[in-house]
Each structure stands twice: as structure tokens, then as C-alpha cells.
Amino acid sequence: MHEKYMALAIEEAEKCALSGDVPVGCIIVKDGEIIGRGHNTRERDKNALGHAEINAIDMACKTLSSWRLEGCDMYVTLEPCPMCAGAIIHSKINALYFGAYDKKGGAVGGVIDLFFENFNHKPKVTGGILGEECTELLTAFFKKLR
């Protein structure tokens, strides 16, 4: 089941190809239903907040008419950064599943683990789901840039 949702997050990441954004995609699921999806839009929108996770959280909150995403699971192709990890904590997402590890900017173990800190909410975390596919998507993007 996790692979199914991560594959959908990869499809979301592939939407970045036309905008020149780093290909990161995100899906938020509640009770087996997708309630939020997003991909990076920083370059397209010229906005630092345009991360896949933030865009998906925004859609999920609108779908549920609530800022509380309790009982929701997030699937994202890249380990979240500090901003996105904070948003995951504050939106009370139940579980985070990510694909590729980010040793340069990850905030769920790559550089720091914000979920380890003493915040009032700690999502469950599983990394490496379809990790090779997620890593290849990023590697191909950066190889093309050079």
C-alpha cells in the first residue's frame, strides 16, 4: 500500500518538469482517500514557500476545512526540510513516509531530526519507500541542469 501512494507522489513530482522546479511530489491520505497533493512550485511561483509538502498540506486543510490533519498520512518523494517538518508537526499529521533521504537539507534525520525534539506532536516516520526511484528522479534532474 505504501508503494502505491509513493508512486502517486512520484507522478506528482514529475509535474515539476515543465516549471524547472526540483521534482518533489507529495500526497496526503486519510482513510484511504487522497485529500491533498502537491509538488514543488518555488520556481514557477517565485515563492520560497512553494514546497510540495506545504502545497499538499494547504490542499488537505481546505479539503477537511480544518488545520488539524490528525489521522492523515503524508507520502513525499524527498525527506522534508525544516520548514516542511515544522508544518507536518503543527498540522498534526499522523505518519510521514518518504522516499529519498536528504543528507544536505533533511530535517527528519538527514541533517537534524526535528521529530526527535520535544514538540507536542511526533509523527511516525518511515523513510526509503521507493527510495531508488525517488533518488533517480532527483539525480536525473540535477544531471540535466549541469
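This is a predicted model: local features need pLDDT of at least 70, side-chain atom pairs count only at pLDDT 80 or more; totals for chains, interfaces and linings use all residues.
Residues are numbered from 1 along each chain as its sequence is written, and side-chain values use heavy atoms, with hydrogens and water left out.

Side chains of opposite charge can pair when their charged atoms come close. A salt bridge is taken here as a side-chain nitrogen of Lys or Arg within 4 Å of a carboxyl oxygen of Asp or Glu, and by this rule there are five salt bridges. In one of them, arginine 37 and glutamate 12 bring their closest N and O atoms to 3.6 Å, and this pair links distant parts of the chain, since arginine 37 lies in strand β2 and glutamate 12 in helix α1, 25 residues apart. Arginine 37 is partly exposed, with a relative accessible area of 33%. Glutamate 12 also meets the side chain of lysine 15 in a salt bridge of 3.2 Å, N to O, and lysine 15, at 47% relative accessibility, is partly exposed.

Another salt bridge joins arginine 68 to glutamate 70, with the closest N and O atoms 3.9 Å apart. Salt bridges that share partners join Glu12, Lys15 and Arg37 into one network.

Helices (H or I, at least four residues) and strands (E, at least two) are DSSP runs, numbered from the N terminus. Helix α3 (residues 52-64) has 13 residues and should span 18 Å at 1.5 Å a residue, which agrees with the 18 Å between its end C-alpha atoms; the expected span is 1.5 Å times one less than the number of residues.

The buried residues of α3 are Ala52, Glu53, Ala56, Ile57, Ala60 and Cys61. They cover an arc of only 155 degrees around the axis, which puts them on the same side of α3, the arc being that of the directions from the helix axis to the C-beta atoms. Their cover includes β1 (25-30), β2 (33-39), β3 (72-78) and α4 (82-91). Just after α3, serine 65 takes a positive phi of about 55 degrees.

## The nonpolar core

A nonpolar core is a set of buried Ala, Val, Leu, Ile, Met, Phe, Trp, Tyr and Cys residues joined through side-chain atoms within 4.5 Å. The largest such core has 42 residues, of which Ile28, Ile57, Leu69, Met74 and Leu96 touch the most other members. At least two residues of this core come from each of α1 (2-14), β1, α3, β3, α4, β4 (95-100) and α5 (131-145).

Leucine 69, leaving aside residues up to four places away in sequence, has contacts (heavy atoms within 4.5 Å) that include Ile28, Ile57, Ala60, Cys61 and Leu64.

## Aromatic pairs

Rings of Phe, Tyr and Trp (its six-membered ring) pair if their centres lie within 6.5 Å, with planes under 30 degrees apart counted as stacked, over 60 as edge-to-face and the rest as tilted. The whole structure holds four aromatic pairs. The rings of tyrosine 5 and tyrosine 75 have centres 5.1 Å apart and planes at 40 degrees, so this pair is tilted. Because tyrosine 5 lies in helix α1 and tyrosine 75 in strand β3, the pair ties together parts that are 70 residues apart in sequence.

Note on methods:
Buried means under 20% relative accessible area, exposed over 50%, partly exposed in between (1.4 Å probe, protein chains only).
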